[in-house]
Amino acid sequence: MMRTILRRFSRSPSALIGVTLIVAWGLVALLAPLIAPYDPSAIDFAAAADPHPSLAHWLGTDSSGRDVLSRLIWGARTTYIVVPLAVMSAFAAGILLGVPAGYFGGWFDALVSRLSDVILAFPALIIYIILITALGPSLLNIIIAVTLAYAPGVSRIARGITLALREQDYVAAAQARGESSLYIMFAEILPNARGPLIVDLCLRAGYTVILTGTLGFLGLGLPPPTPDWGGMVVESAHLLPIAWHMAVFPCVAIASLVIGCNLLADGLRKEGLK
Amino acid sequence: MIRFLLRRIGQFIITFLAASFLLFAVTEFSPGTVASKILGPYAVSSQVDLLTEKLHLGDPLLLRYLRWLGIVAGVVENPLGDPAIGLGLSDPRGNRYVGNFGYSLMLKEPVVDVVGERIGYTALLTLLAILVIIPVSLAAGVAAGVNPGRPIDRVLSMGAVILTSLPEFVVAVALLLVGVVWLGLLPGTSPMTQGGRWPLSLQLVLPVGVLVIASASYVLRIVRASVADTMRKPYVRTALLKGLKRRDIILHHVLRNAMIPPITVILLQINWLLTGVVVVESIFAYPGVGSLLLQAALFGDIYLVQALTLLALLVAVGTQLIGDLCYLALDPKIKLG
């Protein structure tokens, strides 16, 4: 099993690069307390006098003298908490709605599809802005907003695949054996629908990294002491002419992680098509 | 055909109404929030009671929603303009007219005026972006799609994956760094005021540039996939074996068929552009409705948020409808079911 996975990855350079980036940032997030050279919130005005990258602060400091490298490392941890929770929750909701909608059809399907249409009519960022300003910026509310915005798209995909798989012989066999609908949907159909769903998961994880970065940038991210990549950019974007490093490094961090997710999705899709 | 049209328009109206109810429910769900948003945190309870009574905030949500629709449609009077409430809000058009979205609590002016002043700027920004995105992404997408696997395809496809991965604000930081900090050729903000150091045309370059980079790469990928797919179709092979010139095949056989999926994607892309517009306008201090929406949401200006979101919804749902119609016009095989 493990060997087949490895062999398939080695055939697809983009999937390999993608996985490497995602795992590397994941390790950084996991080991943050061990590898961060400074406390990410420690203010040091002496260091802020010359914030540029130096031997003491490899990536420089921000305008309050907080070490940029340490904030990036702890920011990875923030990202790796928010994004997986939000995406998993959106996928759970989307699958729980989409698979039964495709399997049973009828009024449930009509209801789920119409509701999805309504939510998908909103431009995504506007959903977040309205919800987060109404509920207040917190981890739970970001998860709620992402779930609400992504679940319709996920359920649409899950419904489509279920609709196609419903007619397969093994489903008919399971029905003839007298299996329950619940068993057929989640033990027979769902495992066979995983390919496109996993590709979509990678893509949406990438969007969610963009999104949480953007929310942080717009001032709607997690409240200030939390090191947050998007927040680091907005705090320092006006200082670009004198200290470019403060905004550029967090931008590179976000970009590399999203590129990783998209390359992985691209690679998996091509492998899946073969 | 007519029946199909009517049904799509009916669906459009139902989706729009359902979405507007959702919007109303989120912004005005609790009557207490509405009163405190209007009066501010230091309101006296007698004021709150008066407002609650005047605005009928105690009524059930559905009733309040219907009344709100009535005010917007110009059937019901907007009670907020009543001088007895003492907020000093007044509208030269009176309290009853079509498109009455109430008052911006942040700017103390009728919402229609506030939006009217700024909508032109956003329309200009979006239009310019679309005018650049379509030719660029079509040309690059076709160039990559007709040469699948060749270097030009690899470079364009890889570049497009990387560019779609970048959030708008990251693209903006990159462009600011190059255009403003290193080259000094462009202004860092675009307030669209005349008479300063920078002409209006130069102020538009960076905001349009960010939107183009963030969106064109995605359209490019769709065009490329669709063209590459069409190139493998049997009729293209037949044309090739028949001895037609490659150029003619691409121009006459491939392009028309390959353009059907991208057209809907381009129209859906307008939905994405609306998202980008909020970010881009905020970064460059551009005086459009996108930055206004963010400010209004942060301030708690519920009426302005409602109007701007409805506007975005109208554009988003409207482009979907147009997309369906284009699809129909381009592909005679589609059943009118």
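Two residues are in contact here if their C-beta atoms, placed from the backbone, lie within 7 Å. In this predicted model, the contact between chain A and chain B takes 35 residues from chain A and 34 residues from chain B. Chain B has 13 helices and two strands, and its domain assignment gives domain 1 (11-100) and domain 2 (113-336). The largest nonpolar core has 170 residues and lies between these two domains of chain B, because both give residues to it.

**Side of chain A that touches chain B**

- Helices α6 (106-120), α7 (124-135), α11 (194-217) and α13 (245-273) of chain A each supply at least two residues of the side that touches chain B.
- The largest share of that side, 10 residues, comes from α13(A).
- By class, the residues of chain A on this side divide into 27 nonpolar, six polar and two charged.

**Nonpolar core**

- Tyr128(A), Ile129(A), Leu293(B) and Leu308(B) are the residues with the most contacts inside the largest core.
- Helix α5 (residues 68-104) of chain A provides the largest share of this core, 17 residues.
- Leu293(B) touches Ile129(A), Val278(B), Val305(B) and Leu308(B), when residues up to four places away in sequence are not counted.

**Chain B overall**

- Along the principal axes, the C-alpha atoms of chain B fill a box of roughly 85 × 60 × 30 Å.
- Of the 337 residues in chain B, 38% are buried.
- Among contacts in chain B between residues at least 6 apart in sequence, 68% join residues at least 24 apart.

**Domains of chain B**

- The C-alpha centres of domain 1 and domain 2 of chain B lie 36 Å apart.
- Their contact takes 11 residues from domain 1 of chain B and nine residues from domain 2 of chain B.
- On the side of domain 1 that touches domain 2, α1 (2-28) and α2 (31-39) of chain B each supply at least two residues.
- The helix that gives the most to this side of domain 1 is α1(B), with nine residues.
- This side of domain 1 of chain B has six nonpolar, three polar and two charged residues.

**Leu313(B)**

- Leu313(B) lies in helix α13 (residues 302-330) of chain B.
- With 23 other C-beta atoms within 10 Å, Leu313(B) is buried, because the cut-off for a buried residue is 20 or more.
- Leaving aside neighbours within four places in sequence, Leu313(B) is in contact with Ala121(A), Phe122(A), Phe16(B) and Ala19(B).
- Leu313(B) and Phe16(B) are 297 residues apart in sequence, but their C-alpha atoms are 7.3 Å apart in space.

**Helix pair α5 and α8 of chain B**

- The axes of α5 (residues 111-145) and α8 (residues 200-231) of chain B come within 6 Å and cross at roughly 35°.
- The crossing of α5(B) and α8(B) is right-handed.
- Their contact has 22 nonpolar, four polar and one charged residues.

**Helix pair α11 and α12 of chain A**

- The axes of α11(A) and α12 (residues 229-236) of chain A come within 7 Å and cross at roughly 35°.
- The crossing of α11(A) and α12(A) is right-handed.
- Thr212(A), Gly213(A), Thr214(A), Leu215(A), Gly216(A) and Phe217(A) in α11(A) meet Trp229(A), Gly230(A), Gly231(A), Val233(A) and Val234(A) in α12(A).
- By class, this contact has five nonpolar, six polar and no charged residues.
- Eight of the eight residues of α12(A) are buried, so this helix is largely enclosed by the rest of the structure.
- The buried residues of α12(A) include Met232(A), Glu235(A) and Ser236(A).

**Positive phi in chain B**

- Lys108(B) is not a glycine, yet has a positive phi of about 55°.
- Lys108(B) sits in the loop between β1 (103-104) and β2 (109-110) of chain B.
- Lys108(B) is exposed, with 12 other C-beta atoms within 10 Å.
- Met192(B), also a residue other than glycine, has a positive phi near 60°.
- Met192(B) sits in the loop between α7 (168-182) and α8 of chain B.
- Met192(B) counts as partly exposed, with 18 C-beta neighbours inside 10 Å.

Notes:
Residues numbered from 1 in each chain as written. Chains lettered and ligands numbered in written order. Predicted model: local features only at pLDDT ≥ 70, side-chain atom pairs only at ≥ 80, totals over all residues. Axes fitted to C-alpha atoms, helices over the stretch in contact; angles between N-to-C directions. Helix = DSSP H or I, 4+ residues; strand = E, 2+ residues; numbered from the N terminus. Left-handed = near helix turned anticlockwise from the far one by under 90°. Nonpolar A, V, L, I, M, F, W, Y, C, P; charged D, E, K, R; others polar. Core = buried A, V, L, I, M, F, W, Y, C linked by C-beta atoms within 7 Å. Domains from an automatic or database assignment.
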